[in-house]
Amino acid sequence: MRRLGFALAGLLLLGLAGPAALSAQEKVLRVRIGSDITALDPAKLFNIENQVICNHIYNGLVRYEYEKNGAIVPDLAERWDVSPDGRTYTFHLRKGVKWHKGYGELTADDVKFSYDRVVDPKTASRYQGEFKLVEAAEVADPLTVRIRLKSKYPGFLNKVAAYNQGFVISKKAMEKLGDQYATNPVGTGPFVFESWSPKNQVVLLANKEYFGGAPKLDRVMFKLIQEETTAEIALQRGEIDVFFALQNAEVIDRLSKAPGITVQRRTANHTINAVLNSSYEPLGKPQVRRAIAHALNLKALREVFFNGLKGQPNWVLTSSFEESAKDLTEWPYDPEKAKSLLRESGYPNGFKLTITAPTLQPYDKVAVVLADDLRKVGLDMNVQLLERAAYLAARGAGTPHVVITGVTGPADPDQPLWNLLHSSSFPPGLNTARYKGIDQLLEAAQVELDRTKRLALYRQIQMKLREDVPVVPLYNDQLFAATRSGVKGFAPDPQFTMNAYPVTIEK
Amino acid sequence: MRAFLITRLSFLVLSVFGAFTIAFLVMRLIPGDPAQVILGDYATKESIARLRETLGLDRPVWVQYVTFVARALRGDFGASLVTQRPAFFEVFAVFLPTIQLAAAGALVSMLIGVPAGVLAATRRNQPLDYVTMTLAIGSMSMPVFWLGLLLLFVCSFTLGWTPSVGAGGDEGWLSTLHHLVLPALALGLSLGAMVTRMTRSAMLEVLRQDYMRTARAKGLRELLIIAKHGLRNAALPIVTILGINFGIQLGGTILIETVFARPGMGSLLISAIYQRDYPQVQALVVVFATSVVMVNVLVDVAYAVLDPRVRR
């Protein structure tokens with residue numbers, strides 16, 4: 001027993017010798033993240049936390065100016081030209097942009113390497129499809145990249161913007177580090193990756209040589225705090241400065257009233273949808289799908305269940321998109337109308353219907369609320385809750401009748417619509433509705449150079465969706481973040497990320 | 001003593017092997033494919049097949065099992081599918097905070113449980129006994145994460161005595177201890193209840209013995225009688241409960257780590273399961289099982305030290 005005691009005491013002491021405390025003058029921003037990062041390789045980001053960290057480390061050829069109105073502005077590319085046929089983009093890179101950690105200067109080679117790597121099947125990138133319209137990326141000279149497209153595509157700049165596959169990595173670093181690169185990323189951004197201690201924190205240091213000017217912070221620490229109540233206490237005690245990705249309604253409510261705390265809200269490009277599988281007999285009929293839309297009390301879901309913390313989804317394009325047709329409202333809640341539509345389509349006694357959702361907050365509960373509404377119009381409802389990996393497998397197989405699916409992305413309306421509803425997006429993909437109704441309109445909008453005509457096409461698309469109801473958009477996620485007084489210039493962005501570069505801190 | 005140790009250690013190897021085999025099979029029985037999780041929704045059948053081949057998941061389960069065991073015996077537990085770093089490396093990066101927490105929790109449970117149990121036993125059927133036992137049942141029934149949140153709210157938020165998040169590993173050992181107080185208390189309180197009950201019943205048994213009466217008749221001081229003649233003889237069941245508790249404690253650390261945002265093996269295990277990171281789960285199960293079995297071997301050894309009859 002005594003020996004056991006010694007062994008335990010020894011182990012305890014081992015961990016106690018750590019580096020000394022941070023110096024007091026350092027300007028450190030401590031940000032809460034809700035789950036851990038996995039890999040910082042832009043070809044394989046996928047989760048929000050990876051995206052948030054990479055946002056600080058990397059640059060794209062262009063970027064969204066979220067501190068203003070979200071327009072596309074130069075990033076690594078100083079300027080760019082588009083050929084008259086819209087199929088060739090020539091990017092002129094900034095001179096003298098330095099890679100972190102002494103990996104030399106940025107060249108056109110790095111850009112070509114980064115984008116070729118995403119397309120290469122060996123990389124097994126999730127974003128391979130994002131470059132499906134790219135024919136080739138060529139190095140014209142050390143500071144000029146030419147990207148040739150298979151067809152004209154006015155939305156192309158969105159694909160090379162500072163987000164996911166658009167991030168440019170150092171060729172030299174990737175070739176040197178190989179498998180180790182994902183946990184030792186090398187970028188050109190305002191912050192340099194310092195360390196990741198798993199299940200604990202990610203630390204970034206200011207890049208004093210950043211081409212946009214050195215950040216006003218010395219260090220950013222992303223601390224993993226899963227439990228929102230814990231993060232709430234940590235924020236109020238001043239152990240963190242920014243509470244990122246706040247979701248819990250009660251926590252939002254309490255923090256909004258807390259002294260010295262600011263809660264910010266921003267509409268994200270994120271819609272949660274009930275996808276109706278048209279290969280399941282009853283759901284093949286448009287009237288039945290319309291009946292489902294009338295049966296769901298979505299206003300109550302957003303206002304009562306979510307306490308007003310979610311926004312109107314419109315028809316997949318949230319209000320954060322310029323193309324969103326805000327006047328095309330959702331079908332009103334009308335259970336009587338739903339019942340009569342079901343009768344007309346030959347289902348007076350309803351039918352069996354299963355809603356599939358992941359066992360994650362809040363989707364598991366949303367599924368139950370929806371099932372309850374549908375039961376009231378006479379459907380024989382069942383709710384299937386699957387653990388995340390099992391849910392992905394079921395959705396990938398396309399078997400569920402109704403599946404709760406979220407779509408998110410950059411400010412390019414093509415992306416959520418194409419991913420969710422173009423016939424090429426299944427299998428593999430998210431179009432488990434097997435919808436084909438907007439293929440031609442989407443393809444036309446994709447290559448339309450004229451802004452007015454593009455807007456008209458997207459309007460037509462949304463009208464068609466309202467008519468056909470392949471999916472019922474349920475709500476639009478809002479990004480909440482809370483900051484301590486003293487934190488200035490912080491703003492969440494609609495891509496569900498954030499940027500510490502413009503932030504200043506006064507203690 | 002040597003034969004005793006050899007038997008115990010061979011049991012250790014067998015238990016770890018058994019635990020590992022079960023975990024290996026269960027991970028492959030539950031639905032969800034690591035390749036699909038890694039590649040996401042837009043992965044084609046071909047790219048999933050290619051990745052499955054690279055990861056060796058296309059081979060029959062028994063081949064995977066034999067390959068893994070053969071490699072593991074040479075100390076190679078494979079790389080995490082998520083980070084590409086050696087799975088063991090990932091475990092050891094978070095090993096210490098968890099062991100610190102479990103050890104500190106055990107210490108707290110003993111510090112609270114043993115005196116409380118002795119007190120209750122010596123005041124049997126008196127108000128103090130009832131109060132102690134009621135408190136014990138109360139803290140045993142309280143979910144550990146709820147207790148953690150309460151402590152956090154009272155000690156950290158309202159009184160401001162302790163930090164609320166993290167393990168404080170970067171700021172020196174005093175900070176590590178400071179960060180450990182609340183989690184250890186939360187873990188120790190709920191397990192201390194079990195120690196209290198066990199100590200009480202073991203002590204009641206001992207107090208009845210003739211040698212206790214003899215000690216009293218000799219005119220020894222009551223405190224000495226209880227500590228030397230009583231507690232020493234009641235130690236075996238208390239040590240047993242400590243060994244059993246250790247396994248429960250490692251499970252409890254998963255919840256405690258979440259509440260106090262501490263890095264640790266518990267949260268690593270949860271995310272590895274979510275991501276179907278087979279090598280990571282396997283490495284973790286081996287480390288968890290080894291820790292639990294090791295502690296129980298130590299408990300067995302402690303038996304032998306405490307009670308010479310066990311050695312035979």
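Predicted model: local features only at pLDDT ≥ 70, side-chain atom pairs only at ≥ 80, totals over all residues.

Start by selecting residues 286-295 of chain A, which is helix α7. Of its 10 residues, 8 are buried, so you are looking at a mostly covered helix. Colour A:V288, A:R289, A:R290, A:A291, A:I292, A:A293, A:H294 and A:A295 to see the buried set. Now bring up what they pack against: β12 (261-276), α9 (335-344), α10 (363-376) and β16 (471-484), again in chain A.

Next, go to the loop between β13 (352-358) and α10 of chain A, where A:P362 sits. Show the backbone here: the peptide bond from A:Q361 to A:P362 is cis, with omega near -10°.

There is another cis bond to visit, from A:F426 to A:P427, with omega near -20°. Look for A:P427 in the loop between α12 (414-421) and α13 (439-447) of chain A.

Why stop at these bonds, and at the two residues that come next? Because most peptide bonds are trans and most residues other than glycine have a negative phi.

Select A:V316, in the loop between α8 (298-305) and α9 of chain A. Its phi is positive, near 75°, and it isn't a glycine. Is A:V316 buried or exposed? Buried, because 23 C-beta neighbours lie inside 10 Å and the cut-off is 20 or more.

Last, hop over to chain B and pick B:Q84, in the loop between α4 (61-73) and α5 (87-122). This non-glycine residue also has a positive phi, about 70°. B:Q84 has 15 other C-beta atoms within 10 Å, so it counts as partly exposed.

Notes
Residues numbered from 1 in each chain as written. Chains lettered and ligands numbered in written order. Buried ≥ 20, exposed ≤ 12 C-beta atoms within 10 Å, placed from the backbone. Helix = DSSP H or I, 4+ residues; strand = E, 2+ residues; numbered from the N terminus. Contact = placed C-beta atoms within 7 Å.
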